Amino acid sequence: MSSTSRRTAAALAAVALAGTLAVGCATGGSTSSGRSLRPAAAAPSASGSDCWRTGTSGDDWDDWDSWGPGMGPGMMSSDDCSWGPGMMGGHYWQRGDGTPVTTLAQARQHADAFADRLDLRVGEVMQFSKNFYAELETPNGNLATEILVDPADGDTGIEYGPAMMWNTDYGMHHRGQTRTRISPDQAQDRAQQWLRDRGTGLTAGEAEAFPGYYTLHTLRSGKINGMLSVNASTGAVWDHTWHGTYIATSEH
C-alpha cells in the first residue's frame with residue numbers, strides 16, 4: 001500500500017473513532033503542554049495474560065494491507081492488548097515529507113519535530129530493518145513514551161502496542177497515575193520467564209520505566225536482538241514484533 005493510501009486509511013479510521021473517543025474523554029484531560037484529551041478506559045486486566053491473538057502473526061501487527069478504517073482486533077474496546085493504525089491520527093501521528101529516511105541522524109530529525117509538539121526531547125534512537133524507533137524524554141530526563149519513524153516517507157507517531165495502549169500519560173487509554181505493582185527487577189524476571197517459556201534463547205535486558213509499563217531489550221549472546229514490554233500493573237508481556245532486524249543505535 002502506498003504512503004498516501006496508508007495515510008488515507010488512517011485518517012478515515014480516525015474519523016470513525018472520533019465519536020466513540022469523544023464520549024470517553026475525561027473532563028479536564030488536556031494539559032498545559034497542549035496534549036489532546038484522551039479516552040477514559042477500564043482498569044487493565046489483572047490476568048497478566050500475554051498480548052497475542054491466535055492466528056495473527058507478528059508481521060500482521062504493522063502490515064497496513066491487513067488494516068482498514070474501523071478494522072483491527074478490538075479497535076473500539078478498552079482491551080489493553082488492542083490497537084490499530086487508525087489511532088495514529090491527531091496528536092499521535094505526524095506526516096513526513098515523503099523523503100526516505102535512511103540514517104539515524106535523519107530519523108532523529110523527524111523524532112525531534114514530533115517531540116517538540118509534546119514538549120519532550122529525543123533520547124535513544126534505534127534503527128531496525130522495518131522502522132526507526134526513538135525514546136522520548138521529559139525535560140528532566142524521565143522516559144515519557146516511544147515513537148516510530150517510517151523509513152519510507154518520514155511519517156512519525158506513537159509506537160504501536162504498549163506506548164499506545166499502556167502508557168498512562170501519553171497513550172490512548174490515558175489514566176494518569178496508576179498503581180505500579182511490579183518493580184523493574186520483577187519486570188525483567190517476568191520478561192526472562194516469558195522468553196524462556198517460548199524457547200527463544202534470548203535474555204532480557206534492563207527494564208526501562210515508562211508511564212504504566214517497562215520496555216526491555218531482548219539480547220542474544222549479549223547483543224540487541226529486539227525488545228518487549230511488561231505492564232507495570234498486571235505483568236502482561238507484549239513482544240515488539242514489528243521492528244524487524246536490529247541494525248544500530250544512536251544515543252543522545
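**Reading the chain**

Q: What share of the contacts in the protein chain with a separation of 6 or more comes from residues 24 or more positions apart?

A: Contact means heavy atoms within 4.5 Å. In this chain, residues 24 or more positions apart account for 57% of the contacts with a separation of 6 or more.

Q: What kind of model is this, and how are residues numbered?

A: This is a predicted model, in which local features need pLDDT of at least 70 and side-chain atom pairs count only at pLDDT 80 or more, while totals for chains, interfaces and linings use all residues. Residues are numbered from 1 along each chain as its sequence is written, and side-chain values use heavy atoms, with hydrogens and water left out.

Q: How many helices and strands are there?

A: Helices (H or I, at least four residues) and strands (E, at least two) are DSSP runs, numbered from the N terminus. The protein chain has 4 helices and 11 strands.

Q: What percentage of the residues is buried?

A: Buried means under 20% relative accessible area, exposed over 50%, and partly exposed in between (1.4 Å probe, protein chains only). Of the 252 residues in the protein chain, 51% are buried.

Q: Which residues have the most contacts inside the largest nonpolar core?

A: A nonpolar core is a set of buried Ala, Val, Leu, Ile, Met, Phe, Trp, Tyr and Cys residues joined through side-chain atoms within 4.5 Å. The largest one here has 36 residues, and those with the most contacts inside it are Leu-120, Val-122, Tyr-133, Leu-136, Ile-147 and Ile-158. Two or more residues come from each of helix 2 (104-117), strand 2 (121-128), strand 3 (132-137), strand 4 (143-149) and helix 3 (162-165). Another core, of 14 residues, lies apart from it; among them are Ala-191, Leu-195, Ala-204 and Val-237.

Q: What does Ile-147 touch?

A: Leaving out residues up to four places away in sequence, Ile-147 touches several residues, including Ala-111, Phe-114, Tyr-133, Leu-136 and Ile-158.

Q: How far apart are the end C-alpha atoms of helix 2?

A: The expected span of a helix is 1.5 Å times one less than its number of residues. With 14 residues, helix 2 should span 20 Å, and its end C-alpha atoms are 20 Å apart, which agrees.

Q: Which residues of helix 2 are buried?

A: Leu-104, Ala-107, Arg-108, His-110, Ala-111, Phe-114 and Ala-115 are buried in helix 2. These residues cover an arc of only 165° around the axis, which puts them on the same side of helix 2. The arc is that of the directions from the helix axis to the C-beta atoms. On the other side, Ala-105, Gln-109 and Asp-116 are exposed. The buried residues pack against several strands, including strand 1 (93-94), strand 5 (156-158) and strand 11 (246-250).

Q: Which residues of helix 4 are buried, and what do they pack against?

A: In helix 4, the buried residues are Ala-187, Ala-191, Gln-192, Trp-194 and Leu-195. Seen down the axis, they fall within an arc of 160°, so they line one face of helix 4. Asp-185, Asp-189, Arg-196 and Asp-197 are exposed on the other side. The buried residues of helix 4 pack against strand 6 (203-204), strand 8 (213-220), strand 9 (223-231) and strand 10 (237-239).

Q: Which loop holds Asp-155, and is Asp-155 buried or exposed?

A: Asp-155 lies in the loop between strand 4 and strand 5. With a relative accessible area of 7%, Asp-155 is buried. Its side chain reaches the backbone nitrogen of Gly-96 at 2.8 Å.

Q: Where is Pro-162, and what is it in contact with?

A: Pro-162 is in helix 3, and at 0% relative accessibility Pro-162 counts as buried. Leaving aside neighbours within four places in sequence, Pro-162 is in contact with Asn-167, Tyr-213, Ser-229, Trp-238, His-240 and Trp-242.

Terms used
Polar contact = N/O pair within 3.5 Å; in protein donor to acceptor, adjacent residues only side chain to side chain.
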